[in-house]
Amino acid sequence: MSITSSYLRPSFLLATSVLSPALWAATTLLSPPLATTAVAQTADRLPPVTVNAPRRSHHQRKQRTATPPTTAAPRIATPVLLAAPAQAPAARTLPPRAGFDRGLSTSDTASLVTDLPGGANWGAGGVSSLPAINGMGADRVQVAVNSMLISPACPNEMNPPLSFVNPAMVAKMRAYLGVGPVSVGGDYTGSRIDVTTVPPAFAPEGGGWITSAQLSGFFRSNGNAFGVDATAAMANNDTSVTYTGGWVRSGNYKAGDGSTIRSTLYETQNHTVSISKQTFGNLFTFQIGGQFIPYQGYVNQYMDMVYNRGLYANGRYEGDFDWGKLEASAFIHQIRHTMGFIAPDKVADMPMDTNGLDGGYAIKATIPVSDHDLIRAGNELVMNRLDDWWKPVAGSMMMNPDTFININGGTRNRVGTYVEWERRWDRQWTSIVGVRNDVVWMNTGPVHGYNAMDYGADAAAFNAADRARTDVHMDASALIRYDANDFSQYDLGFARKTRSPNLYERYAWSSNAMAMSMIGWFGDGNGYVGNLNLKQEKAHTVSFTAGWHDSVQKVWDLKVTPYMSYVQDYIDVDRCRLASCLANNPANLITTNDFVYLQFANHDAVLYGVNVEGRLAIWNNLTYGEGGLRGLIGYVGGQRTDGINLYRMMPLNAKLALDHKLGGWTSSIELQLVGSKDQVNQVRNELKTPSYALVNLSTGYQWQYARLDFGINNLFNADYVLPLGGADLVDYRVVSMMGSSAAYGYGVKGMGRSFNTRLTMNF
């Protein structure tokens, strides 16, 4: 066996809420197409809960009520709100999912963001894609799952936060787009996504214990994917216990031309148990859960996931007091992860192991200080520890005799504090202004490679360097909404946001060709090495939304959102100029048609774009039911100030759908259009992709205690290449004297036609 072949492969529908989708708009991804058209977007506005509303005493706290679930998602309890402007993120609450189950056509929760204005997902494993919004993806989008912030625990980010929940487990998904208030969070420059599973629900007082259960099974023909989701709950007037979980297995899928896209198979299961108690104006919730993935293929990586186990516990508290509202949470999350090869691609036993631990707390107080003013103040601590080691490979000269230490006791800790002022000036004007400070401190221990000959020089230089880093973030946001009349509203926002590098961007130390190929969540086939001198990136974002609608918001609405971000010290890459990189590839600095070696580096950059979303009710009568159109159009572009295009910018894209509801039937026809990807990153030799169009059909019928859904994805079996899918490193290869390696120039093809069905039973 050659050295080379020992490590290379052989072969909600959404409803947008507001201070606008581009501003701090929280978008809740819960509802099916018709629910969005006929319920969420056309529903009467929730009445604004203002600070001059009477305060409730502890004994007057609103009871949450549990009722048997009627769909394939857990029940959503209506939150108790302190105060919020009209249609503010906290004020928009959608009813439980009443139509299509988002788990019908996918098991990848991150794919739900594609129904957002500006939303996309970076291709990865079948349940582990990375969300991107308005051109910013991966670590630039901060994801909280049940208040937990989960850090990367893999050099290829194979276990991102959204992979720890199945789509059917999501009770509420809220995205803060563009300009977010400082109270939302810190240490991100793009968007924030909050996911909630099993929210608490309680029985009416004096009603005794009630129970409910739901069992749902599904099948998708492409890849022979099948699985099951389950929810069970029991509650009385002050105690609620809920379980939700799911399991799915899929084989490799086929593209539109009939070819099998290898290394796209997966199996995963997730489970969560939640116990809640409410008493005298206080709500306590304790939750435990876990995940197990025995395997997940990665067509755009040199390695697969061959083991991933996550365990967590978290607690949350909400309390209403005479002075305001107090919210607190704490969590701990542990990940044990291994990369390797899935048969038949397994050419060697080459495990690469990771152990990650996250923990922290958050506390927030919301205080009404007058009839028109709210003050929010809070503090949070997030701690991360990471160990990443690669065991020696028997029979390999390069990967012997020692264990390769990639990250040794790496720590990345952050403490943040903020204060925010919200004021309702009058009926038309509302503003939110806030400032925030975060301090991030990072360090890691000494490292070593498989042997001194191939890795000694890099290890010695890294160990001799001062590796401790401290970054100080100063962020601010200012948002204003103007409700001009019953037909229009306008939102303007500005924010400065800061993000520090992750542990791999700073501390991936080896410039050896094999080691570099194992680093990078970009799926482009290139190799990456870290940079101790990276600065934190600072994004200055401005966004404006103009919205128009009918007077009762039941017939039509239209929103147009242009935005722009200037990012100082954007964390990108340069061609690696280290001596070992040039020794591995003498043409590394000038190659335009092959994989290359890269080093993380700071560059100033500009991102810009526009999102358009709209809805139109076409008919509503007893004979033909309800019918309506909905649509999204998104465009984003990005360049460094030196003229280099940014990586993985989604090309011009649009979705147009016709939704219909008649009695128990809900149906939809969706057209998805994606333009050609011509603006590609020159440093990474990013691949261009052609344009394509897809047609998707869905229909479902709801009985009292059961629901049957059926859908066809990619109706005409179109053959296309995913614009954000990266490079196919499995299905194309060249053979040389050094063994097999991936061939450059081939993108990952998308999934061909798939017939999908799901049956849900309620008990």
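Which residue lies over the face of Phe-522? That would be Arg-684, at 4.6 Å from the ring centre. A charge counts as sitting over a ring if NZ of Lys or CZ of Arg is within 6 Å of the ring centre and within 35 degrees of the ring normal. Arg-423 also qualifies, with its charged end over the ring of Trp-425, 4.4 Å from the centre.

The model is predicted, so local features need pLDDT of at least 70 and side-chain atom pairs count only at pLDDT 80 or more, while totals for chains, interfaces and linings use all residues. Residues are numbered from 1 along each chain as its sequence is written, and side-chain values use heavy atoms, with hydrogens and water left out.

On the overall picture, the protein chain has 6 helices and 34 strands (DSSP runs numbered from the N terminus: H or I of at least four residues for helices, E of at least two for strands). Of its 763 residues, 60% count as buried (under 20% relative accessible area; exposed is over 50% and partly exposed in between, with a 1.4 Å probe and protein chains only).

Back to the rings: a search of the whole structure turns up 25 aromatic pairs. Rings of Phe, Tyr and Trp (its six-membered ring) pair if their centres lie within 6.5 Å, with planes under 30 degrees apart called stacked, over 60 edge-to-face and the rest tilted. Phe-404 and Tyr-455 have ring centres 5.5 Å apart and planes at 80°, so the pair is edge-to-face. Since Phe-404 lies in strand β19 (residues 404-424) and Tyr-455 in helix α3 (residues 452-464), the pair ties together parts that are 51 residues apart in sequence. Both Phe-404 and Tyr-455 are buried. Trp-421 and Trp-425 also pair edge-to-face, because their planes are at 65°, with the centres 6.0 Å apart. Here Trp-421 is partly exposed at 33% relative accessible area, and Trp-425 is partly exposed at 44%. Ring pairs also link Trp-390, Phe-404, Tyr-450, Tyr-455 and Trp-509 into a cluster.

The structure holds 1 disulfide (a pair of cysteine sulfur atoms within 2.5 Å). Cys-576 and Cys-581 form it, with their sulfur atoms 2.1 Å apart. The torsion about the S-S bond is about 70°, so this disulfide is right-handed. Cys-576 is buried at 0% relative accessibility, and Cys-581 is buried with a relative accessible area of 0%.
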